[in-house]
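Hi,

Here is the structure I promised to pass on. My notes follow below it.

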Amino acid sequence: MLTSNSSNRTTPFQLDGFVVLCYFILLAIGLVSICGSTGTFEATDIFANGSRPVKQLIWVGISLGVVFLLLFVNSQFFNSFAPVIYLFFILLLIGTLFLAPDIKGSRSWLVIGSFRLQPAEFAKLATALMLSSVFDRYGFQLKGSKAYLQVFSIILLPAFIILMQQEAGSALIFSVFILVLYREGLPGFYLSIGSFAVILFIALLYTSDLLWGSTRADYFVGATLVSIATLVFLYHIAKKKRRYHVKRLVLSYAAVYLVTFTVGFFVPLDQSYTAVALLMGTMLYVGVLALYYLSRRYFFTLIFALSSTLFAMSVSFVYEEVLQPHQQDRIAVALGIKEDFHGAGYNVNQAKIAIGSGGLTGKGFMKGTQTKLNYVPEQDTDFIFCTVGEEYGFLGSIFVLLVFLVLLLRILILAERQPNTFARLYGYCVAGIFLFHLCVNIGMVLGLVPVVGIPLPFISYGGSSLLSSTLLLYLFLIMDRDNKRLPAYKRHFSL
């Protein structure tokens, strides 16, 4: 049990005021926005029986009721039972695959009468608790293949199951846990690899089936990018006295390209063959270095080059065969590869019109023409931010973003002052999840990222989203409250 003394007593309701205030402000904005996006100009049926504002109010009541009960639970309970909670939601996700009906091509909702629940929303909470619990174990460090396998399995298992439910947006959210791990010692090298993969994927989509004279653009760009990344990787991990190998490769590249481009002025030449040949030569050279020095550094470089090459070769297959046609169109529209104002780009185009029509101060409550006339699909869920922009304009939109900013910064401040790894890492998970939701949701409304089904926390209509986001936030506040109860020399959880 946790102990306390008279100088460190707190009540169950003594939570951080800044966070609680931001929470209720966002709840109010959400309710007002849902009214604005679903009501009519006369505003006579906002609170009609069964309307979405009424349903959202019910979910607000349920969320606050659950929080009230949790206030009397010691936060050590969540640390001790994190594996049980995680296993329960993994089994629930698997069960959802077989029990959930097909709704818009997705099997992610459990339907019981008029009640619908999306387990994927709560799987984020379970994963955050499980990760925090693992890192809080005595002596655990993110070092060695066993630790990496354990941590990444916790993250990828629910993401994979959710992906099988055809919920790519919900599965993407789990990538934020990898970013959170940098706070606990994950090398930046992994972030570099992830960023390179994204750059390579986008570059190959842009140059697919494109010819530069007689040169296959995608082959040339893919091979060149992998070669450059391999050289950078090799230079970074090689010992200083052996970096001359990289200089040799760079000089070889310069000489070969000088010759081939010179010949290309007189004879049509496919430079993609040159780029591929140089890449193969680079991998062969690194392989020889690995065998000569028997160095794991060079073996890792060779594995990186081979993996990057295989990834580049698979981009076209994944895009055309694995992704659904509507997902291909959304990615193409977001990247500007094609325009489709009446198809895949319709939602985004209408959302931009709605936000732009709001101007500086907006049209006012219940006066948004784009939303009232249903020009914007999903305007009370995934695209609810356009209701804020149309009715309250630029200033209203900035106010919403500022509230989120204050909330995120306050969570990070509270996380950094936690005396144990469990509460600190969980706080970073909460902030990361909310930040990912915020950036992706608003990014897709503005056409900056592909359209995926990711709601805006506390604002979008939806019971599962509201309840899971509320639980995510208040469990962290309960941890912060309980840590303040402890004397300084006892501020550590033990199982």
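For the surface, patches are built from residues with over 30% relative accessible area and no salt bridge, joining like charges within 9 Å and nonpolar side chains (Val, Leu, Ile, Met, Phe, Trp, Tyr) within 5 Å. A salt bridge here is a side-chain nitrogen of Lys or Arg within 4 Å of a carboxyl oxygen of Asp or Glu, and accessible areas are Shrake-Rupley values with a 1.4 Å probe, where for residues only the protein chains shown count as cover.

This is a predicted model, so local features need pLDDT of at least 70 and side-chain atom pairs pLDDT 80 or more, while totals for chains, interfaces and linings use all residues. Residues are numbered from 1 along each chain as its sequence is written, and side-chain values use heavy atoms, without hydrogens and water.

Leu 360, Phe 394, Leu 395, Ile 398, Leu 401, Leu 402, Leu 405 and Leu 409 form a nonpolar surface patch of about 710 Å². Of these, Leu 401 sits in helix α17 (residues 385–416); helices are DSSP runs of H or I, at least four residues, numbered from the N terminus. Leu 401 is partly exposed, at 31% relative accessible area (buried is under 20%, exposed over 50%, partly exposed in between).

Helix α17 has a kink of about 130 degrees centred on Tyr 392, taken as the angle between axes fitted to the seven residues ending there and the seven starting there.

As for disulfides (cysteine sulfur pairs within 2.5 Å), the count is zero. Cys 35 is in none, its nearest cysteine sulfur being that of Cys 386, 15 Å away. Cys 35 is buried at 7% relative accessibility, and Cys 386 is buried at 0%.

Best wishes

How values were computed: Helix = DSSP H or I, 4+ residues; strand = E, 2+ residues; numbered from the N terminus. Buried < 20%, exposed > 50% of the residue type's maximum accessible area, 1.4 Å probe, protein only.
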